[in-house]
Amino acid sequence: MNKVYNNRAWFLILPMLLLVAFSAIIPLMTVVNYSVQDVFDANTRFFTGTEWFEVMLNDSALQAALLRQFAFSFTILAIEVPLGIGIALLMPKRGWQASAVLILITLPLLIPWNVVGSIWQLFTRGDIGLMGVGIRELGYPYNITRNASDAWATIILMDVWHWTPLIALLCYSGLRSIPDAYYQAARIDRASKWAVFRYIQLPKLTNVLVIGVLLRFMHSFMIYAEPFVLTGGGPGSSTTFLSQSLTTMAIGQQDLGPSAAFSLIYFLIILLVCWVFYTAIMNSQKDDTSQGGA
Amino acid sequence: MDWMVWTLPTAVFFAVIAAILLGMTAWELVSPTVERRGFLPIATTRGDRLFIGLLSAAYLHLVVVGFTELSIWFALGASILWLLVLMRWG
C-alpha cells in the first residue's frame, strides 16, 4: 500500500508552538543558563560549570525529599486508581441520580489547592476539628504536628479526597463510551461480572487510565500548596516534598544557581517516569490489538 | 537576551540540539522513518531512538558529575557513542 504523507498540517500547530516557546521553552533555557552560573545581578555572574549539579545530587536532605516524593506519589496512585475505577463502576448510569452523583463527586475538584489545605488543617485540629477531636475521642492521640505517621496518613487521605474524583470522572466517561453490544455479547456468553470487568471494561478504560495516571503522577510529584498549608513540611522534615525544598531554596534563600540545577534534575525525573508510563501502557495496548487482529 | 544570562557552553548546547532537530526533520523529509525493532525491547521510530538517546545521555551526565571523579568530557563522549549505536541498531 502506498500511503501519501502530507505533513503540511503541522503548520497548524505553529501558533501553539510559539505560545509554548514563550511559556515553557525559553524559561527552561534560562533555567539551564542559571544552573551553570552563580548569578548575583545582571552584570555580576560567575561560571561554575557542573558544581551546582554535584552539590545538589549529593545533598542528603534533597535525596531524602526525593525518596519521600516517590513514596507519596506511588502510594496515592495505588489508592486513587483502584478506588476511582471502583467509584466509576458504582455510579448510576442514567437519570437524575447520575447528574446528582456527578456533581457531588466533582465538588472536591473545584476547590483550590491552598483552600483544601486549610480545610484539612481545620478538620484535623485536635481542639476544634471534627476529625481531630473524633479520633482523639476514640482513644488515639492523633496529632499531625507531632507525629510523622499521622501527618503522612492525613496528607495521603487529603490527596485521595481531593483527586480520586478526577480518576472516577475519567473512568466514568470511559465506561459510558463502551457500546452496549459488548455487554450483550457478554450476557450471551454468560460472562461473570468479573470477566466483564477484566475483558471488556478494563481494556476499554486503558486510554483514560493512561491520562489519569500521568496527570495524577505529575500533579502529585509537584504537590506543593496542600502539604505546605496542612503541615508546613513537618514534623521536622517528614512531609517536606521536593517542590517545597525547591521553593525554600529559590525564594527563601535566593540560591538561584543551585535551585536551577535542582529543578533540571526534578524535570528529568518527571520526564523519565512519564515517558516510561506512557510507553509501557501504549505498548501493552499495541500487543493486545495485534493479538486481537491475528 | 541579556536577562537569559547566556554562557558559551549553554549556547553551544542549545545550538546543537536545534541543529539535531533540524537535521532530523530534513532526514525525515528525504527518507521517512519506518518503525522497527532493534535491540531495544520496544519497536521504535528514529525520533523515539533520538529521545531515548538524549534522555539517557542526560542521566549519564548526572551520574558522572554527581557520583564519580570522571571528567564530564568522558560522559559526553560516551553519550555520543551511545546515541550513534542506538540510532543504528536500537
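Tutor: Going along the sequence, chain A runs α-β-β-α-α-α-α-α-α-α-α-α-α-α, which comes to twelve helices and two strands. Helices here are DSSP runs of H or I with at least four residues, strands are runs of E with at least two, and both are numbered from the N terminus. Bear in mind that this is a predicted model: local features need pLDDT of at least 70, side-chain atom pairs count only at pLDDT 80 or more, and totals for chains, interfaces and linings use all residues. As for bookkeeping, residues are numbered from 1 along each chain as its sequence is written, chains are lettered from A and ligands numbered from 1 in the order in which they are written, and side-chain values use heavy atoms, with hydrogens and water left out.

Taken along the principal axes, the C-alpha atoms of chain A fill a box of roughly 75 × 70 × 30 Å. Of its 294 residues, 40% count as buried; that word means under 20% relative accessible area, while exposed means over 50% and partly exposed is in between (1.4 Å probe, protein chains only).

Now for the part you asked about. Start with Arg216(A) and Glu80(A), whose side chains meet at 2.9 Å, N to O. Arg216(A) belongs to helix H9 (residues 193–221) of chain A and Glu80(A) to helix H3 of chain A, so this pair ties together parts that are 136 residues apart in sequence. Both of these residues are buried.

Arg216(A) has another salt bridge, with Asp159(A), and there the closest N and O atoms are 2.7 Å apart. Asp159(A) lies in helix H7 (residues 148–176) of chain A, so its pairing with Arg216(A) in helix H9 of chain A ties together parts 57 residues apart in sequence. Asp159(A) is buried, as is Arg216(A).

Residues 70–90 of chain A are 100% helix and 0% strand, with end C-alpha atoms 30 Å apart. Residues 151–175 of chain A are likewise 100% helix and 0% strand, and their end C-alpha atoms lie 35 Å apart. The unreviewed entry also places "domain: ABC transmembrane type-1" at residues 66–277 of chain A. That span is 76% helix and 0% strand, and its end C-alpha atoms lie 19 Å apart.

Chain B has a salt bridge too: Arg46(B) pairs with Glu28(B), the closest N and O atoms being 3.7 Å apart. Arg46(B) sits in helix H2 (residues 46–67) of chain B and Glu28(B) in helix H1 (residues 8–30) of chain B, so the pair ties together parts 18 residues apart in sequence. Arg46(B) counts as buried because its relative accessibility is 9%, whereas Glu28(B), at 29%, counts as partly exposed.

Technical notes:
UniProt positions are given in the numbering used here, feature names are shortened, and annotations may be inferred rather than shown by experiment. A salt bridge is a side-chain nitrogen of Lys or Arg within 4 Å of a carboxyl oxygen of Asp or Glu.
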